[in-house]
Amino acid sequence: MEEGGMSAVPKTKTPSPVTPLSPTTMKDVKALVSLYSNYFWNRLLSILPNPNSNFRTKISSFYHSSTTSTTRGSSKRRRRTTCLPLPLPPASSPDSPSSLLTVEASKIRNVLEDVMECVFLNLHYIQKNLQFWQSRAEGSNAQKVYFMVCERGPNAFVNGVIQLMRDSLAEHTGMQRMSCSASSYMSERIIVLTNLRYFLAAFLAQVYTETERVGEDLVKEPEKSVPSLLVTVNDLFLKLEASIGHFHAMRQGDSSVDGSYSFPLMFEKLPEVNQEGSQWTECETTDAINLICQNLHKLDSYLSTLVTKHRKPKKMTLYWMHYTGGVVGISLCSLWLLRHSRLMGSSDIDNWISEAKDSTLSFWNDHVEQPLLSIRNELFETFRKRQKGVMEREEVQFTADSLHRMLLAFSEQTKGHKLPQNASDQEMLEIVMGRYEKEVMHPIQNLVGGELVRSLLIQVQKLKLDIETAMLELDQILRANEINFAILAALPAFALSLILLMLVRAWLKQDTRAEGRGRVARIQRRLLVVEIERGIMQIQTCRDQGLENDAECMFGLVLYSLDRLYCAVERHAKATGEWMCLRQDIYDLAKPGLQSANKLRITSRMERVYDCLLPSPKRQ
């Protein structure tokens, strides 16, 4: 049946096989495609209106990064936006014969930038892991045992507990043996990472020094300087291979990390014919540049593999017990909620939600909405009733006029003549009090037939006037402070809002990296300057003792610190207008030939002058 089915299918014409292209033809096709792509790209850039526009710069940088990544191959780390520039004059320097570098000089400049970037990233990765192991090695024995048992994952926890119990039951030295094992475990990783940092820092210093030496010639006479620079960089790669290979051979038998030295580092070497000639063809230059890119990719892969085997545990591994406890707690809470949910025929969760909703609404109404409405009404009532008080000025004036008439009539009757119009109430009151004193001598007689009752009524009127005056002043004081009382009633809400604002501000400024804006980030930037100062002094000490290799290593570490400082302060210095001067100071600190005393003066000035490196205002 199957054969019949196959025979039922109509036969189609078999296409003729395609003849494969020869390698020479493929090479010509690639060259043609590259030529037209470069032509199209140059035409596209010429169409753009502004040659200095950010859009064009971004497109150019994107095109450059894409071509570089194609040349170097896939990389695990993404390209940084900024890093310490090479010690080369700008492409448009007035000293150069032309405003643009040649194609070969531009290529080697890009390759050197890639070398610097790769070394900086690997140094940072090594330094971060090395600091972790050094901090763990400085801990107490109990902390080391805790790390070995509780911070290396569940398998290490089970094995560590079993080993600890076994040693404790057998020799009663379980803690001591575990502490010694932890010290050996940490010291091995510290040794490997320290040596890798030493080799990379020395390699970085050599590349930077050589680039600074031939920088002017690379712009002025690229035909002569490019071949020698390529040969020198290749020799530096081979020297780095020898250093790491020697360390590889020494540590291969003593390593307890599985697969740490399973494969050696092997770089490609330039052919002897390329090293002898002074004038290279374009093809030879391109081959040498591609070879350096291949060596750089091998170095990056080797370091990634080796450092990964000696890196610090991941965050998930370090805090696996906390995460496990959280997962167990969430699981128990989920089971408890499931038990009280509708799925199990219970209405407890619905009742709790209803009660929580009612409680929330009651809290909002009693402690938020009503107080705010009360404050608002109080403020509006204050302005609406500002002219209404307990005692009005007209009432007080009426009482004062009545008292004045009473005093005037009594004084004129007592004196027997008319008083002047400008007579004061105080003078007339003295007359009343004088007559009152005489009348009091015979109170009963004068109460019926004298002026005692009349003088008493005048004094009562005077007392009424004083009381009304005091009440008027008190009412004015209350009116003036009503708005203060209303603000005082709103202080709790204002304090709560201020606390929330401070918490949000602290959360936004929790970035502790050197690039951040908070106080901790400012401290990190100042610590970078301290590391640079310490490195400069150690370089001078090594040179005085004749330790040139150690001096090269320390100079590489100083370059690494300068790169971190360069990236950390760029954004802040541009915001304050200090970037031009600060960048020049960083360039001067990276110069190999500058005196150590001058460099220390520069670092001292940087700490005193630039705003992004000053101490926090709260600690000044």
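Predicted model: local features only at pLDDT ≥ 70, side-chain atom pairs only at ≥ 80, totals over all residues.
Is I458 buried or exposed? With a relative accessible area of 1%, I458 is buried.

Figure 1. Start here to get your bearings before zooming in. The chain has 620 residues, and buried residues make up 34% of them. Now think about contacts between residues at least 6 apart in sequence: 72% of these join residues at least 24 apart.

**Figure 2. I458 sits in helix α18.** This is the residue from the opening question. A relative accessible area of 1% is why I458 counts as buried, since buried means under 20%. So who are its partners? Leaving aside residues up to four places away in sequence, I458 touches L403, M406, L407, F410 and V432. Take V432 as an example: 26 residues separate V432 from I458 in sequence, and their C-alpha atoms are 8.1 Å apart in space.

**Figure 3. S455 is another residue of helix α18, which covers residues 452-489.** S455 counts as buried because its relative accessibility is 0%. Which residues does S455 touch, if we skip those up to four places away in sequence? They are F410, V432 and Y436.

**Figure 4. V219 lies in helix α8, which spans residues 215-220.** At 10% relative accessibility, V219 counts as buried, because the cut-off is under 20%. V219 and L88 are 131 residues apart along the chain, yet 8.3 Å separates their C-alpha atoms.

**Figure 5. Helix α9 (residues 222-251) meets helix α11 (residues 282-309).** Their axes come within 10 Å and cross at roughly 25°. An angle under 35 degrees counts as roughly parallel, so that is the label for α9 and α11. The crossing of α9 past α11 is left-handed. On the α9 side, the contact is made by V226, L230, V233, N234, F237, L240, I244 and H248. On the α11 side, look for T285, A288, I289, L291, I292, N295, L296, L299 and Y302. Sort the residues of this contact by type and you get 13 nonpolar, four polar and no charged.

**Figure 6. Helix α20 (residues 519-544) packs against helix α21 (residues 548-576), with axes that come within 9 Å.** What is the crossing angle of these two axes? They cross at roughly 160°. Angles over 145 degrees count as roughly antiparallel, which means α20 is roughly antiparallel to α21. The crossing of α20 and α21 is left-handed. The residues of this contact divide into 14 nonpolar, four polar and six charged.

**Figure 7. Residues 318-338 are one of the stretches that UniProt lists as "transmembrane region".** The label comes from an unreviewed entry, which also lists residues 485-508. How much of the chain over residues 318-338 is helix, and how much is strand? The model gives 95% helix and 0% strand there. From one end of residues 318-338 to the other, the C-alpha atoms are 32 Å apart.

Definitions and conventions:
Residues numbered from 1 in each chain as written. Heavy atoms only, no water. Axes fitted to C-alpha atoms, helices over the stretch in contact; angles between N-to-C directions. Helix = DSSP H or I, 4+ residues; strand = E, 2+ residues; numbered from the N terminus. Parallel < 35°, antiparallel > 145°, perpendicular 65-115°, else oblique. Left-handed = near helix turned anticlockwise from the far one by under 90°. Nonpolar A, V, L, I, M, F, W, Y, C, P; charged D, E, K, R; others polar. Buried < 20%, exposed > 50% of the residue type's maximum accessible area, 1.4 Å probe, protein only. Contact = heavy atoms within 4.5 Å. UniProt positions renumbered as here; feature names shortened; annotations may be inferred.
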